[in-house]
Amino acid sequence: MADFGDKVVYQIYPKSFRDTNGDGFGDIPGVIEKLDYLQELGVDYLWLTPFFPSPQRDNGYDVADYRSISPQFGTMEDLENLIRQSRERGMGIMLDMVFNHTSTRHEWFQKALAGDEEYQNYYIFKEGTPDHAPTNWKSKFGGTAWEYVPELKKWYLHLYDVTQADLNWDNPGVREELKEILRFWKEKGIRAFRFDVINLVSKPGQMEDDFEGDGRRFYSDGPHIHAYLKELVKDAGIADFVTVGEMSSTSLEHCIRYSAPEEKELSMCFNFHHLKVDYKDGDKWALNPVDYKKLKELFVEWQTGMQEGGGWNALFWCNHDQPRIVSRMGNEGIYWKESAKMLAGMIHFMRGTPYIYQGEEIGMQNAHYPSIERYRDVESLNYYQILLEEGKTKEEALEILAARSRDNGRTPMQWNGERYGGFSGEEPWIPMSAAFRKEITVEAQQNDEDSVLAFYKKLIAMRKKYPVIAKGEISFLETETDLVLAYRRELGEQQMIVICNLDGRKQRVIVPGERSGWRILLENYKGREIPLEEMYTMEPYEFMVLGNVK
Ligand code: NOJ
């Protein structure tokens, strides 16, 4: 197993990162151009979301060919350059493998459609009549999860868009194809993989209607998932790679198994429970305030549970599917900077490997699009219609999208104060965030010691400097209110305490314990005193790390 406790991963959504050829669409040369910036930030791996040939119905998560590069993004030579130049700077490239489904444009699916039964068996086709889908399961992008092909008199399963057909992992030939793809990229010098919704790939042999939910309980962490992962990792020869599985609606027990080293499955897992604490009864498309009690409970459960079970967490707030965290749980107004830093610090000192999503390190905010025309994401466009059909007004539907759309995380990276943020000289494929302003750019923050960017650099540097962050035990401290989160990290004599005020009001806390020889290691307000045994008043979104480490 790879050693990854002190590593930090930076996620790049190439389409929105940097456009070098003026087509409004980010590209691989754009990533190369920014390698010095990334090296200076101090990150170890660059996770690039898919840049393979794709109809882009789901922005590249609909892969039509796993072994080449879409011309929109560049060439194989560009990628080879990127791998080499990253390596020279001490960074590895993490590829995003979308193995639950392929695009319906993939040649396997095309052969299946043409009547080739061998290839139909690559997917989940079921005989039937057009009036009756095999099950009542729902697609995660809205509507049914089945599509009828009249020429074949068969339905195929798509848990996502209708153009993303689910692969049949019960077919050993499919598993062999996927291993070959991994070997191909390994040969090219790739040393890390992210696996898209990997816990959904093992479907039940018998498929039945779900009268309680959308079907996910039958296929999430499905029947053969652990065996399939072990086989994939072993046969593709990637056991010593850094691997992260995206786990949809998963459980702690399964994530321990996915990531405990002795299981030889993956290095770590993404789970999303902490990003559903503002859903109403689990519904992403119904707004609710953040439930801080729940949020704390989830961190306690996953941090201590993974520790006890020997599993490993991927730590993250943001990615290309999530709204910006500072808009979601922080403050876009006068406490923008303090809250962006607090939220970052809160997870970076936990037990696990932190992921930073492009723009998070400068405190980028949500898109704040005023009209539906600005949105691009298939999920957002589908749900806009669904919300209208459910009787919401356009204003209400837009308000929901403004909070929940995946496009919030996909607006162009803000490098400088130019019209298109230095992302491109031409109009980008997706509009800039309406909250784009000069302060929230790399250029403005690069030479400012007090910036959000400088804070992220400190977080990364501290992880490398103090083994207690990478290897220490974690335990949570009792606080008077759910609006304060506090935890301790310990490694032998070395100790740290992290305290976060999650709220925009002052909070009173007691931080118990003897503090002689301790000092403040990091804070987001200047000149604060080390809290003593008595009550301590925290400023809005205040964050502090205390410790006795040398
Ligand atoms: C998870 C990816 O992060 C998301 O962007 C995509 O739409 C789905 N998986 C389907 O591939």
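An oxygen atom of the ligand is placed 2.5 Å from an N or O atom in the side chain of D321, a polar contact, meaning a pair of N or O atoms within 3.5 Å. The model is predicted, with local features requiring pLDDT of at least 70 and side-chain atom pairs pLDDT 80 or more, while totals for chains, interfaces and linings use all residues. Residues are numbered from 1 along each chain as its sequence is written, and side-chain values use heavy atoms, leaving out hydrogens and water.

**Ligand surroundings**

- For H320, an N or O atom of the side chain is 2.8 Å from an oxygen atom of the ligand.
- For R406, a polar side-chain atom lies 2.9 Å from an oxygen atom of the ligand.
- The protein buries 98% of the 300 Å² that the ligand exposes when taken alone (accessible areas by the Shrake-Rupley method with a 1.4 Å probe).
- Around the ligand are 13 residues, of which D58, D196, H320, D321 and R406 come nearest (near means a heavy atom within 4 Å).
- This shell comprises 4 nonpolar, 2 polar and 7 charged residues (Asp, Glu, Lys and Arg count as charged; Ala, Val, Leu, Ile, Met, Phe, Trp, Tyr, Cys and Pro as nonpolar; the others, Gly among them, as polar).

**The largest pocket**

- The lining of the largest pocket divides into 15 nonpolar, 9 polar and 16 charged residues (on a 1 Å grid over the protein atoms alone, a pocket is an open set of points with protein on both sides within 12 Å along at least five of seven lines, and lining residues have an atom within 4 Å of a point).
- The ligand sits in this pocket, meaning that more than half of its atoms lie within 2 Å of the pocket's grid points.
- Among the 40 lining residues, K140, R216, Y279, K284 and E379 lie nearest the centre of the pocket.

Key: Polar contact = N/O pair within 3.5 Å; in protein donor to acceptor, adjacent residues only side chain to side chain. 1 Å grid on protein atoms, 1.4 Å probe; cavity = no way out; pocket = protein on both sides within 12 Å on 5 of 7 lines; lining within 4 Å.
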